[in-house]
Each structure stands twice: as structure tokens, then as C-alpha cells.
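Hello,

Here is the structure you asked about. Please open it first, then read on for what turned up in it.

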Amino acid sequence: MTMIEIHAAALSSTIASYHEFISRYVKAAKVVYGFVEGKEDPCFYRGFIELLLPEDWRVELWPAGNKERVYEIHKNIDWRRFQKPRICFFVDRDLSEVIPESLRQDTNIYVTKGYSIENDVVNRTGCHRILTELCGFASADHGELEAVCDLFDQELEVFLQAMVPIMAWILAWRRDGKRPNLNDIKLRDIFSFINGRLYSNPNPMGKASVPTYLHDQCNVYYNAGSDIGPIQVEFGRENIYRNFTRGKYVFWFLVEFCNSVHRDAAALFKGMSKPPKIHVNLSCSNGMAVIGIRARIPASLRTFLESTFCRYIETSKGKVA
């Protein structure tokens with residue numbers, strides 16, 4: 001696809017999302033509106049937003065396609081016609097703080113605290129709910145279940161540290177102006193789980209090394225003499241690698257850890273000779289929908305929604321304008 005075609009596709013998507021909003025916007029309706037980046041994002045945001053809305057209000061969300069398109073729609077809306085607290089925009093911070101690059105700010109633009117919204121739902125509480133509500137461990141011994149959650153905390157830290165060199169390469173690419181498709185990096189090629197413990201494969205897909213695999217998958221030229229060490233040290237700092245490991249990668253860890261616990265239940269729970277009956281076949285493709293509704297709303301998002309949608313509803317006093 002040529003650059004002209006890429007820009008045309010972006011413009012077409014932006015126009016489509018914007019015009020759908022215009023066609024559905026009703027001034028007098030008890031509805032708030034929002035734009036998100038990807039098609040999976042509403043699975044998270046809708047549940048969080050509806051937690052704070054009155055019962056007779058609802059939210060309509062439109063995926064714009066990516067961050068640039070979200071910002072383009074925000075730029076093109078005539079704010080003399082619409083009230084900002086009623087129409088909000090939700091974007092991922094990505095690696096902007098460490099590249100560094102600035103992100104557009106406004107009172108009705110929410111930027112995630114970490115890399116993306118997925119980073120906020122990957123935690124011990126989320127793991128416990130998945131195991132008990134989706135994976136069949138509701139009746140498991142309390143002490144053994146807590147031990148598995150301890151294992152989750154331990155292995156999540158192992159995973160985040162193992163991701164430091166991978167994220168350092170991604171950061172190096174971004175600083176160099178490269179934008180490869182990061183979905184082409186398949187973590188199942190690099191990592192595996194046995195009994196809930198994470199194992200690394202030094203030769204993913206038979207490649208000579210993980211860096212070779214990363215560059216081949218993303219179609220980026222690999223200079224074996226490149227010194228990634230300083231960027232790796234920089235990204236390895238606590239406040240960076242724990243917040244800015246790519247959200248979809250961290251979410252993959254959550255899903256695969258829980259699947260491993262279910263698969264190897266007999267090794268982790270003394271009273272089980274086989275895995276319990278599973279309620280949902282959990283995968284990264286359906287995980288957004290089934291996990292998002294069970295996640296606790298991030299504090300930064302709650303504050304944003306209270307100052308926008310909630311304030312708008314409160315000040316409207318039933319007279320939507």
C-alpha cells in the first residue's frame with residue numbers, strides 16, 4: 001500500500017466514524033459519546049463508563065482505528081456546536097513518555113496512565129476473578145488459590161523483566177521513526193508456561209536469537225552490532241518497565257497464565273486430579289470482552305469520567321443540551 005493509499009484509508013475511516021457519530025447524535029437524548037482507538041477498546045471502556053452513569057443514561061463509543069484518527073476527529077469537531085464534557089476521547093499513552101513525544105491534551109481527552117488500558121487490568125485481583133469466575137476454581141482451597149495468586153505476582157515480574165530487552169528494541173525502532181506492526185511479534189514463540197511458571201525460548205521459530213526473531217517478524221533490518229544496552233538499562237528502570245511494557249503483551253501473559261493454571265491444575269491444587277470444568281475458553285481474542293467487564297476501574301479513568309461525563313449529566317439536571 002502506498003503512502004497516498006494509507007492516508008486515504010485513514011481519512012476514509014475518520015470520516016466514517018465521525019459521520020456515524022453525527023448521524024446518531026441526539027441533542028435531547030440521555031446519551032454521552034466517545035471515540036476510542038481500536039475495535040476491542042469498547043470492551044473495556046464501556047463497562048467502566050457504565051459503572052458511573054445513572055441507570056437512565058447510556059454511552060455510545062466508536063473505534064476510530066488508531067490514535068491519530070481519534071485526534072483527527074477531535075480536531076475536526078465544531079466545539080461551538082457540542083459540549084466537550086459530553087463527547088470524550090480515549091487514547092493509549094504507548095511509549096510517548098520515553099521516546100519522548102508529546103500528546104495532544106484537552107479536558108475531554110483521556111490518556112492512559114501506562115502503555116494502554118490493558119495494563120490497568122492485569123493484576124492479582126483480575127487474575128483471581130478469572131480463575132474463580134471463568135476457569136472453574138471457585139471451590140478451590142483458599143490457601144492454594146492464594147498461593148497461585150502469589151505465583152501470578154512472582155511470574156508477572158519475571159515476565160516484565162524478560163520483556164525489557166524486547167521493549168528496548170521496540171523503543172529503539174520508535175526513536176528511529178520506524179513503526180512496524182507489533183502484532184507480528186508472537187509471544188507464544190518466545191515464552192511458554194508449565195505449572196504456571198514462565199519459560200523463555202532463546203531460539204524462537206528456530207532463529208539464532210530473540211533479536212533476530214524480532215527483526216525478522218517485524219521486517220526491520222537487524223544490525224547485530226547495534227548497542228541496545230543503554231536503552232535496555234533505561235527501560236529497565238522500575239517506573240518504566242512496569243508501566244510501559246506493551247499492554248497487549250501484558251494481557252497475553254494474564255490469559256496464558258490462567259490457562260496454564262487450569263491446564264496444570266493437578267500440579268497446583270492437591271485436591272484436584274484433573275482440571276475443573278471451565279466456564280469460558282479463554283483466549284486473547286475473546287479475553288477483552290470477558291475480562292474487561294470484570295476489571296476494576298483505573299483511578300485515573302474514574303477521575304476523568306467524573307470530571308466529564310458525570311459532571312455533564314449532573315449539570316444538565318435532566319435537561320440535556
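Helix α2 spans residues 41-52 and helix α14 residues 299-307; they pack at about 55 degrees, with axes 10 Å apart. Axes are lines fitted to C-alpha atoms, for helices over the stretch in contact, and angles run from 0 to 180 degrees between N-to-C directions. Helices (H or I, at least four residues) and strands (E, at least two) are DSSP runs, numbered from the N terminus.

The model is predicted: local features need pLDDT of at least 70 and side-chain atom pairs 80 or more, while totals for chains, interfaces and linings use all residues. Numbering starts from 1 along each chain as its sequence is written, and side-chain values use heavy atoms, without hydrogens or water.

**Helix α2 and its partners**

On the α2 side, Tyr45, Phe48, Ile49 and Leu52 make the contact (heavy atoms within 4.5 Å); Leu301, Arg302 and Leu305 meet them from α14. That contact of α2 with α14 counts 6 nonpolar residues, no polar ones and 1 charged. The classes: Ala, Val, Leu, Ile, Met, Phe, Trp, Tyr, Cys and Pro are nonpolar; Asp, Glu, Lys and Arg are charged; the others, Gly among them, are polar.

Helix α13 (residues 284-292) also packs on α2, at about 5 degrees and with the axes 8 Å apart. The two are therefore roughly parallel. Cys43, Phe44 and Phe48 of α2 touch Met288, Ala289 and Gly292 of α13. This contact of α2 with α13 has 5 nonpolar residues, 1 polar and no charged.

**Helix α11**

How do α11 and α13 cross? At roughly 90 degrees, with their axes coming within 10 Å. So α11 is roughly perpendicular to α13. Phe251, Trp252, Leu254 and Val255 in α11 face Cys284, Gly287, Met288 and Ile291 in α13. By class, that contact of α11 with α13 has 7 nonpolar, 1 polar and no charged residues.

There are 32 aromatic pairs in the structure. One of them, Phe44 with Phe251, is edge-to-face, at 6.1 Å centre to centre and 90 degrees between planes. Ring centres of Phe, Tyr or Trp (its six-membered ring) must lie within 6.5 Å to pair; planes under 30 degrees apart are stacked, over 60 edge-to-face, the rest tilted. Phe44 sits in α2 and Phe251 in α11 (residues 247-263), so this pair joins distant parts of the chain, 207 residues apart.

**The sheet**

Four strands form an open sheet, ordered β2-β1-β3-β4, with parallel pairing (at least two DSSP bridges between two strands). Strands β2 (58-63) and β4 (109-111) are at the edges with one partner strand each, so one side of each has no neighbour in the sheet. On average, neighbouring strands are turned by 25 degrees, direction ignored. β1 (residues 31-36) and β3 (residues 87-91) run parallel, joined by 3 bridges. Gly34 has Cys88 in β3 as its bridge partner. Helix α15 (residues 309-316) packs on this sheet and touches β1, β2 and β3, at about 160 degrees to the direction of β1.

**Two backbone details**

Most residues other than glycine have a negative phi, and most peptide bonds are trans. The bond from Ile99 to Pro100 is cis, with omega near -10 degrees. Pro100 lies in the loop between β3 and β4. Asn195 has a positive phi, near 55 degrees. Its loop connects β5 (191-194) and β6 (197-200).

Best wishes

Note on methods: Parallel < 35°, antiparallel > 145°, perpendicular 65-115°, else oblique.
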